[in-house]
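I opened the model to look up a few points and kept notes as I went. The entries follow the order in which I checked things.

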Amino acid sequence: MVAATKFQSSYHYGFIDEATKKEIRRKTLKAVCIPGYQVPYSSPEMPISRGWGTGGLHLTLTLIGKSDVLKIIDQGSDASVNACHLRRFVQMMADCAVTFDTAQATIIQSRHRVPEEILTNRQILVLQVPQPEVLRGVERFEARTRQMHGEADYSKIWVSLYEAYVRFGATMRGSGYPIKVNRRYITTPSPIPRWDTPNLSMAHCLYLFGAGREKRIQAIPPHTPVEPLEFEDVKFRVEEFAGIRCSVSGESRAFMDEIFNGEGHRRHVINDSNFLDKLTSGERPPQRVFVNS
Amino acid sequence: MGREAAYDEVFDGQAHFRALLDSTARPGALNFLTPVQIDPPAGLNRATALIAFALMDGNSNFATVNMTQSEGSYLAANTRARRTEIDGADFIFASGDEAPEFLEAACCGTLLYPDTAATLILQIQDAVVQIQDAPERPLTGGLRLTLKGPGVDGISALFVRGIRADLLLALQARNAEFPLGLDAILTFVDESGRACLAALPRTTHVSWEKC
């Protein structure tokens with residue numbers, strides 16, 4: 001009997017078959033070559049539903065090798081149910097190391113947050129994206145939005161920001177604030193808070209965005225200018241946590257969760273769980289903090 | 001032309017893709033491909049063959065420029081990709097010494113789908129990254145490329161031998177209308193036998209001088 005240990009697992013390495021991996025890899029490279037452009041891709045079946053992080057999983061599973069160290073976070077936390085299950089799944093499929101430590105990871109898959117700690121040039125951040133089309137709110141047809149991107153015709157998104165401002169006195173985008181990548185494509189950074197948006201610009205790491213349900217991959221390469229849309233007189237602003245301190249670490253200068261206890265009291269906790277762990281153990285990891293003008 | 005038995009589609013393909021991704025994300029950065037015992041025909045270097053193995057399959061087309069039948073058959077046999085004319089090719093294999101006319105026919109994508117543009121794999125003689133404005137020239141008789149754009153921290157310099165200046169000029173002309181353009185990968189095997197690559201995506205502004 002031939003001992004073919006390589007084929008003894010009942011699943012393919014990285015779950016996705018090699019032909020599909022190659023297709024996703026070709027599309028990923030093209031996404032990096034055209035920063036901010038949404039590349040259509042196959043979005044194969046995963047053991048979770050489309051729209052629950054499959055785009056991130058596709059990217060992670062085509063990137064990952066046995067020597068990688070993986071970190072998966074969901075809303076800043078390593079411990080949430082989604083993050084735990086996705087981490088265990090990728091580890092089973094790819095036989096890789098996993099970590100909670102942001103600095104140790106080579107691939108970080110995330111939903112709704114960019115880690116507070118500055119990422120290095122050895123790291124890749126994979127973001128799960130629910131709706132990659134920033135123009136969908138102002139134009140319902142894909143053929144039209146594609147043409148608008150092709151012609152750099154972004155008047156409708158500017159008008160929508162202006163209308164929000166004149167009606168409500170603010171641009172009214174809590175998360176997924178529209179950005180212009182490399183002075184060409186306007187896109188959405190996935191529903192990360194405005195707090196994280198400036199960190200996409202001129203970063204050391206590569207950002208990859210996977211939208212599984214919408215079947216799109218996009219990328220922001222390192223050292224690429226990313227500008228949040230703003231007017232000359234109405235500037236982009238990040239969330240302000242004025243006078244607020246984390247109730248666990250006592251620190252400020254990080255994105256905070258607001259926690260209500262049900263009796264009218266509330267407290268704030270730093271959202272990034274690994275960052276909070278490091279703060280409570282006395283470290284202060286390097287951070288890029290945007291200051292409102 | 002036979003199939004390469006030593007190449008591992010799963011793990012070699014993954015490692016080589018990561019090298020490709022890193023080079024593409026950081027134009028001008030040299031990456032080494034993990035060694036694999038393969039024996040491509042004379043017109044292909046090992047880095048070129050390994051990149052073809054990592055990216056091409058039955059759903060992709062390729063064209064070779066001024067290569068013999070054996071190079072095309074070798075790539076087709078090992079990747080199951082289809083050989084085609086330059087204008088329909090997803091991957092175009094050429095030498096950096098090639099006259100630039102073939103770029104005229106290469107597909108630059110469309111405004112609606114700029115990702116359908118071709119990827120050029122250009123075989124060069126060798127390349128060295130200039131480290132931190134070092135005064136001495138690491139190699140002579142080639143071109144010193146100055147790179148700017150997404151992925152480059154300020155400016156980076158790459159010394160390259162085995163690429164024609166008029167080919168770079170033609171590539172620049174085809175990349176003038178972003179998002180349309182051609183993405184180039186430079187490949188060579190260095191003196192210690194390592195398969196190396198660097199990438200020049202369409203977003204990279206390249207200027208050059210003789211060195």
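**Ground rules.** I am working from a predicted model, in which local features need pLDDT of at least 70 and side-chain atom pairs count only at pLDDT 80 or more, while totals for chains, interfaces and linings use all residues. Residues are numbered from 1 along each chain as its sequence is written, chains are lettered from A and ligands numbered from 1 in the order in which they are written, and side-chain values use heavy atoms, with hydrogens and water left out.

**Interface, extent.** I looked up the contacts (heavy atoms within 4.5 Å) and found 41 residues of chain A against 40 residues of chain B. The buried area between chain A and chain B is about 3400 Å², with 62% from carbon and sulfur atoms. Buried area here is the accessible area (1.4 Å probe) that two parts lose on being put together, summed over both.

I noted four salt bridges between chain A and chain B, a salt bridge being a side-chain nitrogen of Lys or Arg within 4 Å of a carboxyl oxygen of Asp or Glu. I looked at A:K30 with B:D183, a salt bridge whose closest N and O atoms are 2.7 Å apart.

Several elements of chain A each supply at least two residues to the side that touches chain B, among them helix 1 (18-33) and strand 8 (206-211). Helices (H or I, at least four residues) and strands (E, at least two) are DSSP runs, numbered from the N terminus. Helix 1 of chain A gives the largest share, 10 residues.

**Sheet in chain B.** I traced an open sheet of four strands in the order 6-8-7-11, with antiparallel pairing; strands pair if DSSP finds at least two bridges between them. Its edge strands are strand 6 (126-129) and strand 11 (205-210) of chain B. Strand 7 (residues 143-148) of chain B pairs with strand 11 over six bridges, and B:L147 stands opposite B:V206.

**Backbone.** I found a cis peptide bond from B:F178 to B:P179, with omega near 10 degrees. B:P179 is in the loop between helix 4 and strand 9 (183-189) of chain B. A:H112 is not a glycine, yet has a positive phi of about 70 degrees.
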